[in-house]
Amino acid sequence: MAIHQQVDFYLLKANQVIEQAQEQLSLGMQVQEGDAAEYTNAQQKLEEISQEIEALSRSATAEQRDQLGRAQQRLRQMQNQMILQRSDY
């Protein structure tokens, strides 16, 4: 049961971090560049939650690993979008 609660917690946390990163990405894409420190902080949070999910996956069931894997993919996509956006400057 504890693993189930952890999976739910990290899936929710991943969604929140992705939403924050999307906000920073949107700000960075506007004519006025967003706050560079906040942008970098969002990227760091994406990496941290990605590592936490990877560690949790090791003790998860097959179904939970699938859910966590999908979250990992979304995190990677967001990281890539942010890297590509930053390289456009």
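User: Where do Arg-70 and Asp-66 lie, and how many residues apart are they?

Analyst: Both lie in helix α3, which runs over residues 62–87, and they are four residues apart, about one turn of the helix. Keep in mind that this is a predicted model.

User: What makes Arg-70 and Asp-66 a salt bridge?

Analyst: The rule asks for a side-chain nitrogen of Lys or Arg within 4 Å of a carboxyl oxygen of Asp or Glu. Here N to O comes to 2.3 Å, so the pair passes. In general, an α-helix has 3.6 residues a turn, so residues three or four places apart point the same way.

User: How many salt bridges does the rule give, and what about Glu-52 and Lys-13?

Analyst: The count is three. Glu-52 and Lys-13 are one of the pairs, with their closest N and O atoms 3.1 Å apart; that is within 4 Å, so the pair counts. Glu-52 belongs to α2 and Lys-13 to α1, so this bridge ties together parts 39 residues apart in sequence.

User: How do you know that the span of α2 agrees with what it should be?

Analyst: At 1.5 Å a residue, its 22 residues should span 32 Å, and the end C-alpha atoms are 32 Å apart, so the two agree.

User: Which residues of α2 are buried, and what puts them on the same side?

Analyst: The buried set is Tyr-39, Ala-42, Leu-46, Ile-49, Ser-50, Ile-53, Leu-56 and Ser-57. They cover an arc of only 130° around the axis, so they share one side of α2.

User: What is the pattern of the chain, and how many helices and strands does it have?

Analyst: It reads α-α-α along the sequence, with three helices and zero strands. Of its 89 residues, 33% count as buried.

User: Which helix has the lowest mean pLDDT and which the highest?

Analyst: Helix α1 (residues 2–29) has the lowest at 90, and helix α2 (residues 36–57) the highest at 93. The chain averages 88, with 90% of the residues scoring at least 70.

Definitions and conventions. Residues numbered from 1 in each chain as written. Predicted model: local features only at pLDDT ≥ 70, side-chain atom pairs only at ≥ 80, totals over all residues. Heavy atoms only, no water. pLDDT = per-residue confidence, 0-100. Helix = DSSP H or I, 4+ residues; strand = E, 2+ residues; numbered from the N terminus. Expected span 1.5 Å × (residues − 1). Buried < 20%, exposed > 50% of the residue type's maximum accessible area, 1.4 Å probe, protein only. Arc of directions from axis to C-beta.
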